[in-house]
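Work through the exercises below with the sequence and the structure at hand. Each task is followed by a solution in steps.

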Amino acid sequence: MDVDSFVKWLRDAAAVFHENAAYLTELDSAIGDADHGANLDRGFHAIVEVLDSSSFTSVDELLKKAGMTLVSKVGGASGPLYGTFFLRFGAALAGATLDAPALGKALHAGVEGVLARGKAELGDKTMYDAWAPALEAYDAAVDGGVAAALKAAAEAAAKGRDATVPLVARKGRASYLGERSAGHQDPGATSTTLLLESAARTLA
């Protein structure tokens, strides 16, 4: 992995969020503000514009810039949460050897930033319901290298995403619906899975 690998990931993720913007917004319309897909599409489009106009010499510089772009360009919860993830993720990779253990530590750091900002717990019907099993699966597969660990993480995230459907939301806008939030797939867990599937395709 090098800077170009992470640039490829960000570009791929931007394309994925653009392709799935309507789907994510449809999910969010059922239990949220109906802006999740549009917000992520706008935020990652802004990241691509930065990539087109700038060059980066280190992965941490690149990811911190991506995080700041999301924080400044995206409204709602997704901008601050994903922005914080990339800021913490990038900071944890500063000066690190870019291997599977370092990437795992950085993913943990990024998600810890998300938790510090969002205060979510497992089972709250949030993106953390995808992140938590993804991190556990990554750690279990880390000795197999980046490709195996990211593949395991993405597959576990998908299972966590699917498991949000019967849950009653306890955080965010969806929590206002109470029992009516059950039966709907969480948009944040869905976008988390898309991001990890993109990472598994590009960083490996």
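**Exercise 1. A glycine in a helix**

G67 has a relative accessible area of 0%, so this residue is buried. The model is a predicted one.

Task: State which helix holds G67, and find which residues it contacts beyond its neighbours within four places in sequence.

Solution. 
1. The helix that contains G67 is α4.
2. With neighbours within four places left aside, the contacts of G67 are G83, F86 and L87.
3. For a separation in sequence and space, take T190: G67 and T190 lie 123 residues apart in sequence, and their C-alpha atoms are 19 Å apart.

**Exercise 2. Helix α5**

Solution. 

**Exercise 3. Aromatic pairs**

Task: Count the aromatic pairs in the whole structure, then classify the pair F44 and F86 and the pair F85 and F89.

Solution. 
1. The search of the whole structure gives 9 aromatic pairs.
2. F85 and F89 have ring centres 5.2 Å apart and planes at 15°, so their pair is stacked.
3. F85 and F89 sit 4 residues apart in helix α5, about one turn of the helix. F85 and F89 are both buried.
4. Ring pairs join F6, W9, F17, F44, F85, F86, F89 and W131 into a cluster.

**Exercise 4. The nonpolar core**

Task: Give the number of residues in the largest nonpolar core and name those with the most contacts inside it.

Solution. 
1. The largest nonpolar core holds 58 residues, and F6, F44, F86, F89 and L195 have the most contacts inside it.
2. At least two core residues come from each of α1 (3–19), α3 (36–53), α4 (59–73), α5 (78–92), α6 (100–118), α7 (128–141), α8 (146–163) and α9 (187–202).
3. The helix that gives the most is α1, with 9 residues.
4. Beyond four places in sequence, F6 touches M1, V59, L62, L63, F89, L93, L98, L103 and L203.
5. As background, nonpolar side chains in soluble globular proteins tend to be buried together.

**Exercise 5. The whole chain**

Task: Describe the make-up of the chain and compare its radius of gyration with the globule rule.

Solution. 
1. The chain has 9 helices and 0 strands.
2. Its radius of gyration is 16 Å, close to the 17 Å from the globule rule for 204 residues, so the chain is as compact as a globular protein of that length.
3. The C-alpha trace spans about 50 × 35 × 30 Å along its principal axes.
4. Of the 204 residues, 53% count as buried.
5. Of the contacts between residues at least 6 apart in sequence, 68% join residues at least 24 apart.

How values were computed:
Residues are numbered from 1 along each chain as its sequence is written. This is a predicted model: local features need pLDDT of at least 70, side-chain atom pairs count only at pLDDT 80 or more; totals for chains, interfaces and linings use all residues. Side-chain values use heavy atoms; hydrogens and water are left out. A nonpolar core is a set of buried Ala, Val, Leu, Ile, Met, Phe, Trp, Tyr and Cys residues joined through side-chain atoms within 4.5 Å. Buried means under 20% relative accessible area, exposed over 50%, partly exposed in between (1.4 Å probe, protein chains only). Contact means heavy atoms within 4.5 Å. Rings of Phe, Tyr and Trp (its six-membered ring) pair if their centres lie within 6.5 Å; planes under 30 degrees apart count as stacked, over 60 as edge-to-face and the rest as tilted. The radius of gyration is taken over C-alpha atoms; the globule rule is 2.2 Å times the number of residues to the power 0.38.
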